[in-house]
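Welcome! Here is a short tour of the charged pairs in this structure. Please have a look at the sequence and the model before reading on.

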Amino acid sequence: MREVDPSLNQLTEAVIGAAIAAHRSLGAGFLESTYQKALGIELKHLGIAFMPEASVRLSYRGESVGEGRLDLLVEERLIVELKAVDQLAPIYKAQVISYLKATQLELGLLINFNVEVLKQGIQRIALTQ
């Protein structure tokens, strides 16, 4: 397994810090779209470039079969998938892995805002292949 670029690790830490700030202010219990907007405000305040609802082309054997939507694509290097659910199901991690493969990016964050302490709702997912 290869090491993740240190600057990508720093970016990940900054995004996690921004998510924690948004969660501290809002708390749990809102819609995913509310947290997406709040996190976007935090990232903008930090000067971190991001694209909400970024479109991802999905292909099979070199042919287009549809598209996916990333909750946030941060600095064209980090996928951030947001949830506001009681518990993270394994399918959510599989979704992030599929997005990593489709974009050929190496790192993603899965963040569930419906927790008391946000640290409990964060998963860092690295593509190991």
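## Salt bridges

Arg77 is partly exposed, with a relative accessible area of 27%; partly exposed lies between buried, under 20% relative accessible area, and exposed, over 50% (1.4 Å probe, protein chains only). This is a predicted model, in which local features need pLDDT of at least 70 and side-chain atom pairs count only at pLDDT 80 or more, while totals for chains, interfaces and linings use all residues. Residues are numbered from 1 along each chain as its sequence is written, and side-chain values use heavy atoms, leaving out hydrogens and water.

Side chains of opposite charge can pair when their charged atoms come close. Counting a salt bridge as a side-chain nitrogen of Lys or Arg within 4 Å of a carboxyl oxygen of Asp or Glu, we find three salt bridges.

| Pair | Closest N and O atoms |
|---|---|
| Asp5 and Arg77 | 3.7 Å |
| Arg69 and Glu67 | 3.1 Å |
| Glu81 and Lys83 | 3.2 Å |

Asp5 and Arg77 form a salt bridge that links distant parts of the chain, 72 residues apart. Asp5 sits in the segment before helix H1 (6-26), and Arg77 in the loop between strand S2 (63-74) and strand S3 (78-83). Helices (H or I, at least four residues) and strands (E, at least two) are DSSP runs, numbered from the N terminus.
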